[in-house]
Amino acid sequence: MFLKNCWYAATWSRDLGAKPMARRLLGEPVVLYRQENGQPAALEDKCCHRAAPLSKGQCIGDYLECGYHGLQFDASGTCVRVPVQTRVPPGAKVRSYPVRERWSVIWIWMGDPGRADDAAIPELSWLDDPGWVSAPGYFHLKGNYLLIVDNLLDLTHVTYVHKNTIAGDPAEGAVPVKTERLNDGVRVGRWMIDFVPPPLFRKAGGFAGNVDRWQHVTWLPPSNVYLDVGCATTGTGAPEGDRSQGISIWSSHLITPETETTTHYHWCFSRDFRLEDEAMTRLLFEGARDTFLEDLEMIEAQQDRLGGVTLDGLVDINSDNAQIQARRMLDEMIAAETAS
Ligand code: FES
Ligand SMILES: [Fe+2]
């Protein structure tokens with residue numbers, strides 16, 4: 001069961017061109033494409049004539065042409081042309097989905113189109129702010145989408161899973177976190193004062209000694225997560241708000257179920273320092289990729305053992321608080337949506 005009346009990231013903007021893109025989202029086959037004016041569109045990826053995937057066709061101006069017998073559809077899903085006859089049969093239509101392009105992301109609304117609300121697109125302005133540099137990436141993951149949400153809301157795994165990337169001092173694992181339930185999500189975070197910097201941050205920030213490190217994670221239902229993470233030279237006032245002697249990275253995670261047990265995972269590190277430095281962009285892209293590959297390997301192994309999608313019969317520990325709250329909030333939202 002998925003929350004339907006909300007926006008999911010269908011793809012990064014830069015990955016959608018004139019060529020139709022097939023994506024199964026929440027179990028439904030969808031084809032995404034751009035119209036002639038660049039506006040994105042999304043249709044059910046199943047032709048109403050003989051069920052060929054429309055993604056095997058091509059874009060002709062504003063229309064999507066089926067690759068089997070050439071029927072053409074507009075962005076509302078209405079068939080506008082049948083090559084071998086002048087009359088378009090009544091009811092020749094496929095489902096269309098509301099789509100928006102914001103923050104360099106193509107967002108799709110999988111629920112009731114009449115309820116699509118632009119104000120509900122998550123605020124992720126750093127992803128296309130000219131004062132920031134973002135280097136997005138994508139993984140297809142063989143795991144339930146909430147396993148990634150769990151992972152991101154659980155800071156304790158960093159010490160164990162990310163030894164080669166973002167784990168710093170092993171003592172970090174014992175630093176407690178603070179969880180906050182927001183009106184529209186869950187936030188968890190912590191400060192680690194006077195610790196050895198993790199390898200990636202040491203390279204990116206050029207730190208010679210110890211740092212004060214912060215990790216603040218925000219989950220927005222159903223499955224978008226962003227992290228404000230960084231570190232600054234110890235004793236330079238970062239916990240009080242002065243980050244001038246440090247670096248901060250905003251880490252975005254746009255997590256979209258493909259099926260119950262597979263996921264489209266869009267991730268991105270964004271920075272607001274050394275904007276012109278290509279080597280820094282590469283370092284952070286590769287750092288993000290390598291870090292999230294470590295998560296991916298663990299989550300796919302976890303999904304293999306879980307089999308299904310519930311955590312029934314497993315034991316909770318204190319640091320699971322944020323993910324338990326998030327799952328509970330999402331369950332309530334899905335139940336309310338189903339009831340209505
Ligand atoms: S299946 Fe699409 S035109 Fe025939
Ligand atoms: Fe991780």
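Domain bounds here come from an automatic or database domain assignment. With that in mind, welcome to this predicted model. The assignment divides the chain into domain 1 (7–120) and domain 2 (125–339), and the centres of domain 1 and domain 2, taken over C-alpha atoms, are 32 Å apart.

**Where the domains meet**

Domain 1 brings 12 residues to the contact, and domain 2 brings 12 residues as well. On the side of domain 1 that touches domain 2, strand S1 (7–12) and strand S2 (21–25) each supply at least two residues. S1 gives the largest share of that side, with 4 residues. By type, the residues of this side of domain 1 comprise 8 nonpolar, 2 polar and 2 charged.

**A sheet to follow by eye**

Next, look for an open sheet of 7 strands, paired antiparallel in the order S12-S18-S17-S16-S15-S14-S13. Its edge strands, S12 (133–141) and S13 (178–182), each pair on one side only. From one strand to the next, the twist averages 15 degrees.

| Helix | Strands touched or crossed | Direction |
|---|---|---|
| H5 (residues 321–339) | touches S13, S14 and S15 | about 165 degrees with S14 |

Definitions and conventions. Residues numbered from 1 in each chain as written. Chains lettered and ligands numbered in written order. Predicted model: local features only at pLDDT ≥ 70, side-chain atom pairs only at ≥ 80, totals over all residues. Pairing = 2+ DSSP bridges. Axes fitted to C-alpha atoms, helices over the stretch in contact; angles between N-to-C directions. Contact = placed C-beta atoms within 7 Å. Nonpolar A, V, L, I, M, F, W, Y, C, P; charged D, E, K, R; others polar.
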